[in-house]
Amino acid sequence: MKRVPVLIALILLLAVPFVSAGELAYYPNPAAFHSFLGSNSTYTVVPGNETWAMGWAYYVDEKLYTVKRHGNDTLVLVGNVYNNRLMASVWNRTGLPANASLLPAIVVLNGTVLITGSEDSIHLTERAFEGLWNPPRGSVATFLTLVFTIIIVFLVLLSGDDSHAGRFYALAASLFLVWYITAERPGLTDEFLAYLSSALKFAAGGAPDSPLSAIMGAVFRMVPPIEENIIFAHWLLILLIMSFAFYLAPRRSRELGFLVFGLTFVAPMFRESFCEVSGDALGLAGFMIALAIVSNVTFSPEKWKALLQTVVLSLFTLLAVAINPYLVLMPLIFVIAFPKRHLRNYAYLLITGIGVFLLYGAFGLPPGIPSNMDPNTPAHVRDFLLNGSLTLATAVYAIAGREKSIRMKGQTAFLLLMTLIYIPVALFVPAMFPYCFVLLAALAVRLIHGLTPRT
């Protein structure tokens with residue numbers, strides 16, 4: 001029944017002078033809104049009385065504040081005529097039916113701007129702010145400080161042994177900086193905007209719809225939820241992914257992490273997964289950190305230390321699972337690959353199991369693996385094989401004729417099992433391909449390392 005008003009509005013809107021940009025409509029035209037953005041007028045944002053409208057008003061307020069000052073020149077009303085009394089009082093000036101306010105639209109009147117929609121569509125009004133890029137000085141300073149702090153910390157840690165890992169990391173960091181300077185600014189996908197709307201609702205006191213929106217909403221209670229900050233966070237996650245690639249290499253040959261980084265990021269298909277902000281970067285970062293812990297931590301014989309290490313591993317595993325539920329098999333694969341430490345394994349399974357149960361209890365069961373392959377699977381497989389050809393060739397070279405000399409146990413066995421399981425899963429869930437690039441590169445480097453005399 002909730003769709004009936006929207007359908008009626010769609011029919012009625014055929015007769016009104018809206019100007020549409022995709023699914024977002026403008027009245028009287030986009031130029032009127034752009035004129036408002038470029039003017040010197042001050043503004044005051046007034047939300048509707050529902051949490052989703054309050055949350056989106058928070059976004060609009062912070063976004064406008066990057067180019068305007070607060071004041072009484074223009075009222076910016078967010079919501080629809082059913083939850084915003086001020087909007088209802090001026091709506092008759094538009095000449096549009098009341099149900100039209102349920103659709104995502106930007107309506108500009110004299111001294112008033114209406115940003116309309118419903119809970120399921122208000123996020124599409126973000127498209128009206130595309131091209132408005134004016135990061136606050138504080139955001140820029142924080143971003144640059146975090147970038148150089150991360151680089152310096154990893155540079156110090158990787159320069160602490162006799163290897164050349166520090167020099168290779170400096171090279172990788174410089175490549176990251178060049179990439180950031182030359183790349184186009186990532187856009188926000190429609191799916192991510194829906195998560196953003198839910199996160200803002202949570203920040204305004206409502207209930208989140210997913211783990212990602214809960215994480216984002218908690219952050220937005222302290223950090224302004226503007227596009228600039230979101231994209232800065234996106235690049236920071238890419239830097240963390242790149243940095244932890246060095247910790248997927250064997251501990252005694254940390255410089256081989258540059259090969260993990262290179263074999264992964266050389267693939268255009270892998271880099272393309274970062275061209276848009278979708279939330280996947282957060283899941284991949286959690287996954288990389290969990291893999292780095294598995295690849296490097298020698299669990300202490302002291303029970304309390306081992307428990308602490310297991311809790312940390314479980315937390316990052318849960319972060320990855322919260323973003324990508326298909327990674328829920330990771331703890332089981334870990335137990336199979338490392339069968340001897342029973343207490344640690346039981347603790348890991350128990351903690352992650354409880355965490356997954358709480359996630360599912362709070363947000364519902366995630367969708368299962370589709371019964372049919374994605375229609376674009378053949379194209380994805382072709383691109384994966386083409387983009388991963390160097391990594392596959394490296395792994396084949398390491399294995400060919402040396403099967404008996406390579407020890408398939410420990411971290412190598414873990415990476416092999418993960419790769420053998422998740423590549424078939426990616427045929428049904430293409431979003432898993434970036435994870436497969438990481439697993440395949442780490443496995444290839446482990447196999448190459450197995451050929452060196454010191455192992």
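Trainee: Which residues in α12 meet which ones in α18?
Mentor: On the α12 side you have F287, L291, V294 and S295, and they meet Q411, F414, L415 and M418 in α18. Keep in mind that this is a predicted model.

Trainee: What kinds of residues make up that contact, by class?
Mentor: The contact of α12 with α18 has 6 nonpolar and 2 polar residues, with no charged ones.

Trainee: And at what angle do the axes of α12 and α18 cross?
Mentor: Roughly 150 degrees, and the two axes come within 10 Å. For orientation, α12 covers residues 280-296 and α18 covers residues 410-428.

Trainee: Staying in α12, is A285 buried or exposed?
Mentor: A285, which lies in helix α12, counts as buried because its relative accessibility is 5%, and the cut-off for buried is under 20%.

Trainee: What does A285 touch?
Mentor: Setting aside residues up to four places away in sequence, A285 touches L237 and I241.

Trainee: New topic: how much of α10 is buried?
Mentor: 7 of its 9 residues are buried, so α10 (residues 257-265) is largely enclosed by the rest of the structure. The buried ones are G257, F258, V260, F261, L263, T264 and F265.

Trainee: What covers those buried residues of α10?
Mentor: The cover includes α6 (165-182), α9 (227-244), α11 (268-272), α17 (389-399) and α19 (433-449).

Trainee: Okay, on to α13. How many residues does α13 have, and how far does it reach?
Mentor: α13 has 21 residues and reaches 30 Å from first C-alpha to last, close to the 30 Å expected at 1.5 Å a residue.

Trainee: Which α13 residues are buried?
Mentor: A306, T310, L313, S314, T317, L318, A320, V321, A322 and I323. Take T317: its relative accessible area is 1%, so it is buried.

Trainee: What is T317 in contact with?
Mentor: Leaving aside neighbours within four places in sequence, T317 is in contact with A290, M330, P331, Y348 and T352.

Trainee: Switching to cysteines, how many disulfides does the structure hold?
Mentor: The structure holds 0 disulfides. As for individual cysteines, C436 counts as buried because its relative accessibility is 1%. C275 is at 48%, so C275 counts as partly exposed.

Trainee: Which residues does the cis peptide bond join?
Mentor: Y27 and P28, with omega at about 5 degrees. P28 sits in the loop between β2 (24-27) and α2 (30-38). In general, most peptide bonds are trans.

Trainee: Zooming out, how many helices and strands are in the chain?
Mentor: The protein chain has 19 helices and 8 strands. Buried residues make up 50% of its 455 residues. Among contacts with a separation of 6 or more, 72% come from residues 24 or more positions apart.

Trainee: Last one: what's the mean pLDDT of the chain?
Mentor: The mean is 84, and 87% of the residues reach 70 or more. Over residues 1-22, though, the pLDDT is below 50, and that stretch has 29 contacts in the model beyond near neighbours in sequence.

Definitions and conventions: Residues are numbered from 1 along each chain as its sequence is written. This is a predicted model: local features need pLDDT of at least 70, side-chain atom pairs count only at pLDDT 80 or more; totals for chains, interfaces and linings use all residues. Side-chain values use heavy atoms; hydrogens and water are left out. A disulfide is a pair of cysteine sulfur atoms within 2.5 Å. Buried means under 20% relative accessible area, exposed over 50%, partly exposed in between (1.4 Å probe, protein chains only). Axes are lines fitted to C-alpha atoms, for helices over the stretch in contact, and angles run from 0 to 180 degrees between N-to-C directions. Helices (H or I, at least four residues) and strands (E, at least two) are DSSP runs, numbered from the N terminus. Contact means heavy atoms within 4.5 Å. Ala, Val, Leu, Ile, Met, Phe, Trp, Tyr, Cys and Pro count as nonpolar, Asp, Glu, Lys and Arg as charged, and the others, Gly among them, as polar. pLDDT is the predictor's confidence in each residue, from 0 to 100. The expected span of a helix is 1.5 Å times one less than its number of residues.
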